[in-house]
Amino acid sequence: MKPGIIGKLATEDEPAKMSSAEKKIFTAAAYAHLETKIPILTHCWAGWLGLEQIDVLTQNGVPPEKIIIGHLAVQKGTLDRVLKIADKGVYIGIDTILDIITKNSLSK
Ligand SMILES: [Zn+2]
């Protein structure tokens with residue numbers, strides 16, 4: 001049996017920037033990817049720090065098509081951020097739909 005995903009890497013929700021510890025973990029995951037070619041899955045609630053997550057991974061050699069940015073079901077006010085993430089060529093995880101529906105926060 002072989003692993004199918006490196007994850008789940010996370011950054012905090014709604015911080016101003018990635019912490020140094022988070023950058024180290026993302027860098028370590030990038031190194032693991034370079035050795036294994038296994039895709040990387042992240043926790044990125046509503047797209048917070050998604051571009052920063054992508055930057056750390058791609059600057060360490062991970063191709064965008066090997067990255068899945070999770071939790072990007074569009075919530076009120078997040079569509080622009082999600083589209084910028086999608087423009088980077090990564091996969092986007094639309095995996096929080098029930099949570100959004102139950103909070104009645106769908107926007108567009
Ligand atoms: Zn998560």
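User: How do the axes of α2 and α3 cross, and at what angle?

Analyst: The axes of α2 and α3 come within 9 Å and cross at roughly 15°. Helices here are DSSP runs of H or I with at least four residues, strands are runs of E with at least two, and both are numbered from the N terminus. Axes are lines fitted to C-alpha atoms, for helices over the stretch in contact, with angles from 0 to 180 degrees between N-to-C directions. That makes α2 roughly parallel to α3 (angles under 35 degrees count as roughly parallel, over 145 as roughly antiparallel, 65 to 115 as roughly perpendicular and the rest as oblique).

User: Which residues make the contact?

Analyst: Gly50, Leu51 and Ile54 from α2, with Arg81, Lys84 and Ile85 from α3. Two residues are in contact if their C-beta atoms, placed from the backbone, lie within 7 Å.

User: Is this an experimental model or a predicted one?

Analyst: This is a predicted model: local features need pLDDT of at least 70, side-chain atom pairs count only at pLDDT 80 or more, and totals for chains, interfaces and linings use all residues. Residues are numbered from 1 along each chain as its sequence is written.

User: OK, what about α1 and α2, how do their axes cross?

Analyst: Those axes come within 8 Å and cross at roughly 45°, which makes α1 oblique to α2. Lys23, Phe26, Thr27 and Ala30 of α1 meet Gln53, Val56 and Leu57 of α2.

User: Which residues of α2 are buried?

Analyst: Gly50, Gln53, Ile54, Val56 and Leu57. Buried means 20 or more other C-beta atoms within 10 Å of the residue's own, exposed means 12 or fewer, and partly exposed is in between, with C-beta atoms placed from the backbone. They cover an arc of only 165° around the axis, so they're on the same side of α2 (the arc is that of the directions from the helix axis to the C-beta atoms).

User: And what covers them?

Analyst: The cover includes α1 (20–36), β2, β3 and α3 (79–86).

User: Switching to the sheet: what's the strand order?

Analyst: It's an open sheet of four strands, β1-β2-β3-β4, with parallel pairing. Two strands pair if DSSP finds at least two bridges between them. β1 (6–10) and β4 (91–92) are at the edges with a single partner strand each, so one side of each has no neighbour in the sheet.

User: How many bridges join β2 and β3?

Analyst: Four, between residues 40–43 and residues 67–70. Helix α2 (residues 50–59) packs on the sheet, touching β2 and β3.
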